[in-house]
Amino acid sequence: MKSITIAKQEQLPALGQGTWYMGDSAASKKDEIASLRRGVELGLKVIDTAEMYGSGKSERLVGEAIEPIRDEIFLVSKVLPYNASRSGTIEACEQSLKRLGTDHLDLYLLHWPGPNPLSETIGAFEELQKAGKIRYWGVSNFDPNDMAELLSTQGGERVATNQVLYNLTRRGIEWDFLPQSNADDMPIMAYSPIEQARLLKSKGLQKLASDLGITAAQLALAWLLTRKGVLAIPKAGTPAHVEQNAAALEIDLSEETLTELDHLFPGPSGPIPLEIL
Ligand code: NDP
C-alpha cells in the first residue's frame, strides 16, 4: 500500500478519511458510521476531524464509529485558532477527547493561523504530548511565510505536518511548498482531494477515467497518490464511495495519463498564494 512517513518515524497509508459535514444529519448517520468502519477495514486508518465540524457533531459521530476499533485508528483533530492560547488549546483538546470518547489523539492540528502567538499553541501541544493526550502535533492552512514563522519559533521544528488544500484544480503548492516539504521530510495532508465533488463534473476527467475503466474520483485520488509525501483524506458518506476511493490505492497511472492530466489541469507556472476552503 502507498504510504507516507510522519514525524520521520511512523508509516501511514497515503489515503485516509475526511469527516467534514458528517454527523450533521440524523438520516445519514448509519451510512456515515458504516462508511468510516468500511474504510478502516480497507486500510484507510487515518481519520480526520475537527472541533469546528458541526460544532462537535463530527467528532461525536467519529467517536461512535471508532469506539470498537479505536486501536486501529490514527485519529486527527484540530483546534480552532481562537481557542489556541496555552490554556485554550488544552481545554479544547479535553473537549475533543470527550466527544471522541478516547484518551488521546494521534495528531492534533492548529486549524489555521490565528490571533494567538504560536509559542503559546506550541507550549500547549508540548504539554498535551507530555500528558499522553496527543502523540504528534501539526498545523493546517499555513502558507510558506506562516511555516517560516513557525520554524523560527522555539519547538516549531517538531511540526509533523501541514494540512492544505491540494487537488488537480489546486496545484499551487507544487511551486514552493511541496518541494520544500519533501526536502524537509515532512508529509502534507491534502484536504478536499476531489474539490468537494466539484472536480467530478470535469468532462475531461470523466472521459480520461472512463477510457481507463475507473471513476473520475478514483482518477483524481490516484493522481494525488503519485505525489511524494502526500496523504489525501477524501470524505465519503457511503460505503460504496469509500470502497471506490480505497481501490484508488491499487491504481498505477501511466506517464501518458499523467501527461494528459497535466494538459487538463496544468501545474503552477509561478508562485500562487495558498488557497483555502
Ligand atoms: P472532498 O474533496 O473529500 O469531497 C467530498 C465530497 O465528494 C462529498 O460530497 C462526497 O460525497 C463526494 N465523494 C467522495 N467519494 C466519492 C466517490 N467515490 N464518488 C463520488 N463522490 C464522492 O471534500 P472535503 O472538503 O470533505 O475534504 C476532505 C476532508 O478534508 C474533509 O472532510 C475534512 O476532514 C478535511 N478538510 C480540512 C480542511 C482544513 O481547513 N484543514 C478544509 C476542508 C476539508 P458523499 O459524502 O456522498 O460520499
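**Close-up views of a predicted model**

View 1. Helix α8 (residues 216-225) is mostly covered, with 10 of its 10 residues buried; buried denotes under 20% relative accessible area, exposed over 50%, and partly exposed in between, with a 1.4 Å probe and protein chains only. The model is predicted, so local features need pLDDT of at least 70 and side-chain atom pairs count only at pLDDT 80 or more, while totals for chains, interfaces and linings use all residues. Residues are numbered from 1 along each chain as its sequence is written, and side-chain values use heavy atoms, with hydrogens and water left out. Helices (H or I, at least four residues) and strands (E, at least two) are DSSP runs, numbered from the N terminus. Among the buried residues of α8 are Gln218, Trp223 and Leu225. The cover over the buried residues of α8 includes β8 (188-191), α7 (203-212), β9 (230-232), α9 (239-247) and α10 (255-264).

**View 2. The packing of α7 against α8.** Two packed helices are described by the angle between their axes and the distance between the axes. The axes of α7 and α8 come within 8 Å and cross at roughly 90 degrees; axes are lines fitted to C-alpha atoms, for helices over the stretch in contact, and angles run from 0 to 180 degrees between N-to-C directions. Helix α7 is therefore roughly perpendicular to α8, where angles under 35 degrees count as roughly parallel, over 145 as roughly antiparallel, 65 to 115 as roughly perpendicular and the rest as oblique. Leu205, Gln206, Leu208, Ala209 and Leu212 of α7 make the contact with Ala216, Leu219 and Ala220 of α8, contact being heavy atoms within 4.5 Å. By class, the contact of α7 with α8 has 7 nonpolar, 1 polar and no charged residues. In this scheme, Ala, Val, Leu, Ile, Met, Phe, Trp, Tyr, Cys and Pro count as nonpolar, Asp, Glu, Lys and Arg as charged, and the others, Gly among them, as polar.

View 3. Helix α1 (residues 29-41) and helix α2 (residues 57-66) have axes that come within 9 Å and cross at roughly 55 degrees. That angle makes α1 oblique to α2. The crossing of α1 and α2 is right-handed; a crossing is left-handed if the near helix is turned anticlockwise from the far one by less than a right angle, and right-handed if clockwise. Lys29, Glu32, Ile33, Leu36 and Arg37 of α1 form the contact with Leu61, Val62, Glu64 and Ala65 of α2. The residues of this contact of α1 with α2 divide into 5 nonpolar, no polar and 4 charged. With α9, helix α1 packs at an angle of about 25 degrees, the axes being 8 Å apart. That angle makes α1 roughly parallel to α9. Asp31, Ala34, Ser35, Arg38 and Gly39 in α1 meet Pro239, Val242 and Glu243 in α9. The contact of α1 with α9 divides into 3 nonpolar, 2 polar and 3 charged residues.

**View 4. The open sheet.** The sheet is open, has 7 strands in the order β3-β4-β5-β6-β7-β8-β9, and shows parallel pairing; two strands pair if DSSP finds at least two bridges between them. Strands β3 and β9 are the edges, each pairing on one side only. From one strand to the next, the twist averages 30 degrees. Helix α3 (residues 86-100) packs on the sheet, touching β4, β5 (105-110) and β6 (134-140), and its direction makes about 135 degrees with that of β5. Strand β7 (residues 162-165) and β8 run parallel, joined by 4 bridges. The bridge partner of glutamine 163 in β8 is methionine 189.

**View 5. Strand β4 and its neighbours.** In a regular strand the side chains alternate between the two faces of the sheet. Both faces of β4 are covered, with Phe74, Val76 and Lys78 buried on one side and Leu75, Ser77 and Val79 buried on the other. Strand β3 (residues 46-48) pairs with β4 in the parallel sense over 3 bridges, and aspartate 48 stands opposite valine 76 in β4. Strands β4 and β5 run parallel and are joined by 4 bridges. Valine 76 stands opposite leucine 107 in β5.

**View 6. The surroundings of histidine 111.** Histidine 111 lies in the loop between β5 and α4 (118-130). Because its relative accessibility is 6%, histidine 111 counts as buried. Not counting residues up to four places away in sequence, histidine 111 touches residues including Tyr53, Lys78 and Asn141. The C-alpha atoms of histidine 111 and serine 77 are separated by 8.8 Å, although these residues are 34 residues apart along the chain.
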